[in-house]
Amino acid sequence: MLGSVPGTPALGRGPAPDGSFSRHEYHHPAAGWGAARSVGEVLEKAGAPVEGARALFLMNQEDGGFDCPGCAWPDDPSGLRLDLCENGVKHVTWELTRKHVGRDFFAAHTVSELAGWSDYDLEAAGRLSEPMRYDAASDRYVPVSWEDAFELVGSTLRGLQSPHQAAFYTSGRLSNEATFLYQLWVREFGTNNLPDCSNMCHEASGRAMMAALGTGKGTVDLGDWERTDAIWLMGDNAATNAPRMLTWLAEADRRGAELVHINPLIEAASRRTIVPHEFADMATFRTTKVGTMNVQVRIGGDMALMRGVGKAVFEAAATDPGVLDGEFLELYTHGVEEYRALCEATPWSELVRDSGVEEPLIRRLADSYVKSRRVIIAWCLGVTQHEHGVDTIREIVNVLLLRGNIGREGAGPCPVRGHSNVQGNRTCGINHRPSEQFLDRLAQVCDIDPPREDGLNVVQAIEAMHQGRVKVFVSLGGNLALAAPDTSYTFAALQNCELTVQISTKLNRSHIVHGRQALILPCLGRTEKDYQAGGEQGVSVEDAMSMVHISYGMKDPVSPHLRSECSILAGMAQATLPGSNTPWQRYVEDYDRIRNTMAQVLDGFEDFNARVRYPHGFRLSQPARERGFLTPSGRAEFGLGPLPDDVDPGKGRLMLATIRSHDQFNTTIYSNDDRYRGLKGLRTVVFMNSDDMRDRGLDEFDLVDVTSISRDGSRRTVYGYRAVRYEVPRACAAGYMPELNVLCGIADHSTESGQPVTKHLKVEITPSRENER
């Protein structure tokens with residue numbers, strides 16, 4: 001039940017609603033003048049118009065600029081001066097705020113008081129400006145020196161009975177250099193308990209592609225997006241999740257490429273756009289299509305849809321063998337005949353029922369695929385956050401393999417990563433299931449004895465904290481308290497820890513829901529200059545298409561008490577491992593030294609320091625891109641998973657998916673508005689099919705209660721949400737995260753990937769008793 005944990009009533013919400021809310025149908029193009037007006041309003045509201053405007057011209061620039069701390073979409077290699085988006089500007093100005101949160105703020109507010117604040121108000125308080133320690137006697141955070149903070153971390157970790165009694169979480173904002181130091185500290189300490197945000201987002205993508213292709217990453221780059229004949233975008237709302245993608249979709253449309261959107265919700269980003277930096281189009285209001293076909297699949301029906309495409313392709317090949325790339329299949333793949341038999345044995349009636357898409361439309365989609373020589377299939381969390389996410393992505397790869405769309409220019413799989421360096425985190429060692437090859441190199445180069453057993457993922461770490469098996473929780477970035485499933489359970493898990501450590505830029509819920517002892521350690525933001533003994537330092541990031549480039553801050557830190565991520569990590573490592581031979585201080589003095597070590601440990605990082613300073617950096621080697629498949633068979637493997645049997649939620653129930661609004665970034669809420677869905681002033685909503693609303697006697701904005709049914713039989717309810725009509729299939733519904741994460745029980749995670757299934761929640765929606773008043 002929502003509200004069972006202190007601080008939950010305001011969970012995830014933006015500014016408190018003033019009672020005025022509305023919704024209208026949104027028919028305008030994505031981006032365009034709406035985005036331009038939003039950027040102007042954001043800069044004005046931030047109170048830093050000059051500094052904010054300067055940031056626009058330095059963000060995502062290779063000549064001394066900084067990398068956007070938002071999404072992981074690659075930078076334009078042509079050197080576009082305004083390679084940015086509305087959401088990136090929001091994220092940067094959020095970091096540029098002049099408000100500070102330090103000793104005066106915490107002296108004025110107890111933690112119990114702050115627990116009643118909304119999450120919007122917590123983050124709006126400003127930048128964290130000095131290290132703080134929780135004082136239980138006063139129920140306040142009080143100042144602490146960096147040295148004392150490090151000693152508290154070190155002594156607590158040294159006092160554990162086992163290193164496995166600690167867990168070390170990572171968000172996608174961490175640089176490559178800090179990532180490497182983080183995992184080095186943790187593994188030298190003696191555990192692989194390195195849960196990260198990938199465990200909740202794209203774990204399914206990595207596991208599926210590793211099994212199929214021998215790589216956990218997509219194989220395409222932006223050059224492929226310029227040359228492809230068709231782009232399929234699955235489970236993604238481009239205008240919100242990766243707005244800079246709209247530029248590439250618009251360019252593809254001008255070339256005549258087919259642009260297919262496969263999603264339960266019809267989104268603005270699947271229709272038309274005006275790209276803001278294309279000034280002629282802005283001046284004349286000339287729009288460009290970013291979608292040529294919408295396929296409205298039911299929630300969880302993507303795998304059945306893709307198998308239907310595969311079945312139709314095989315049927316077409318029966319009369320025209322050239323439909324299949326026979327040479328590629330023979331030389332580079334394994335299991336095609338088994339996959340053919342699986343498709344032939346699956347009746348069309350089952351595919352239509354499970355996908356929610358009629359057979360003629362599935363065949364039309366297959367015809368489009370056959371007519372396009374080069375096809376990119378991109379996907380996001382609408383595909384991964386399901387019980388069967390791994391098998392679904394295997395099915396996507398199956399379809400690509402049939403026509404040789406792997407290792408071909410303009411073609412391939414493309415997971416759309418949602419956070420700046422989440423892919424780089426994995427590349428540089430944040431992985432609770434590290435490979436033996438990586439551990440061997442780390443041991444040899446760094447002269448440590450890393451643990452070999454698998455560590456805990458996010459769900460396992462939360463369970464271990466809840467049960468008292470993990471006593472220390474360290475979080476570098478992120479806001480796990482809100483991002484994780486089963487909010488009440490997660491809150492209780494964090495509060496059960498002996499010590500929680502949050503390394504952050506801004507105040508958030510995870511600072512308020514803390515262990516018996518707690519530290520807040522403020523770090524530099526991506527926009528800030530990083531000065532060390534060796535001079536100003538740059539850090540590197542890896543984008544979603546495997547390009548690694550360097551980033552330099554543009555402004556002085558907001559407080560002299562801030563430290564870089566690398567400096568904080570080194571301080572904690574030295575306090576934890578007093579006898580360590582690792583040169584922690586030398587690493588912090590000059591990040592080139594970190595990169596020199598990384599070059600010896602990580603494949604593809606040879607001559608790292610020189611190559612990262614090339615214009616636009618360098619691209620990591622991708623064997624699958626060259627049709628070198630590092631699977632046990634040495635070939636690309638067809639997936640043969642059974643179609644899921646849990647797509648139908650059951651009589652009277654709906655399948656609910658959590659989504660983001662346009663005015664939020666992950667758990668950060670900028671306002672209660674969602675421009676592209678026409679909603680203003682409200683976030684506590686459930687988007688429903690009009691027939692489903694009528695069946696329940698609901699009118700627009702009627703109050704409803706939403707109850708989820710967990711796989712362990714437990715039930716969770718949120719009360720007083722507003723029903724909103726939306727173009728979504730029957731028996732499907734959607735609502736915003738993080739508010740609705742409370743409906744995903746800790747048991748509701750994929751057995752394939754371990755990911756919480758927040759896009760696959762069986763719910764009952766009933767009129768609220770409030771309607772009777």
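1. Basis. Residues are numbered from 1 along each chain as its sequence is written, and side-chain values use heavy atoms, with hydrogens and water left out. As the model is predicted, local features need pLDDT of at least 70 and side-chain atom pairs count only at pLDDT 80 or more, whereas totals for chains, interfaces and linings use all residues.

2. Mixed sheet. Six strands form an open sheet with mixed pairing, in the order E6-E5-E18-E17-E16-E7. Strands (E, at least two residues) and helices (H or I, at least four) are DSSP runs numbered from the N terminus, and two strands pair if DSSP finds at least two bridges between them. Strand E6 (140-143) and strand E7 (166-170) are the edge strands, each pairing on one side only. On average, neighbouring strands of this sheet are turned by 20° against each other, direction ignored.

3. Strand E18. Five of the six residues of E18 (residues 517-522) are buried, so the strand is largely enclosed by the rest of the structure; buried means under 20% relative accessible area, exposed over 50%, and partly exposed in between (1.4 Å probe, protein chains only). Strand E5 (residues 132-135) runs antiparallel to E18 and is joined to it by two bridges, with Met 132 having Ile 520 as its bridge partner in E18. Strand E17 (residues 499-504) pairs with E18 in the parallel sense over six bridges, and Thr 500 stands opposite Ala 518 in E18.

4. Helix H8. Helix H8 (residues 176-189) lies across E7 and strand E16 (472-476), and runs at about 170° to E7. Axes are lines fitted to C-alpha atoms, for helices over the stretch in contact, and angles run from 0 to 180 degrees between N-to-C directions; contact means heavy atoms within 4.5 Å.

5. Parallel sheet. A five-strand open sheet has the order E12-E9-E8-E14-E15, with parallel pairing. Strand E12 (293-295) and strand E15 (412-415) stand at the edges with a single partner strand each, so one side of each is left without a neighbour in the sheet. The twist averages 20° from one strand to the next. Strand E9 (residues 258-262) pairs with E12 over three bridges in the parallel sense, and His 261 stands opposite Asn 294 in E12.

6. Helix H29. The buried residues of helix H29 (residues 591-601) include Tyr 591, Ile 594, Met 598 and Val 601. Asp 590 caps the N-terminal end of H29, with a side-chain oxygen 3.0 Å from the backbone nitrogen of Asp 592.

7. Lining of the largest pocket. Helix H9 (203-213), helix H21 (422-427) and helix H22 (436-446) each supply at least two residues of the lining of the largest pocket. The largest share, five residues, comes from H9.

Definitions and conventions. A polar contact is a pair of N or O atoms within 3.5 Å; within protein, one must be able to donate a hydrogen and the other to accept it, and residues adjacent in sequence count only if both atoms are side-chain atoms.
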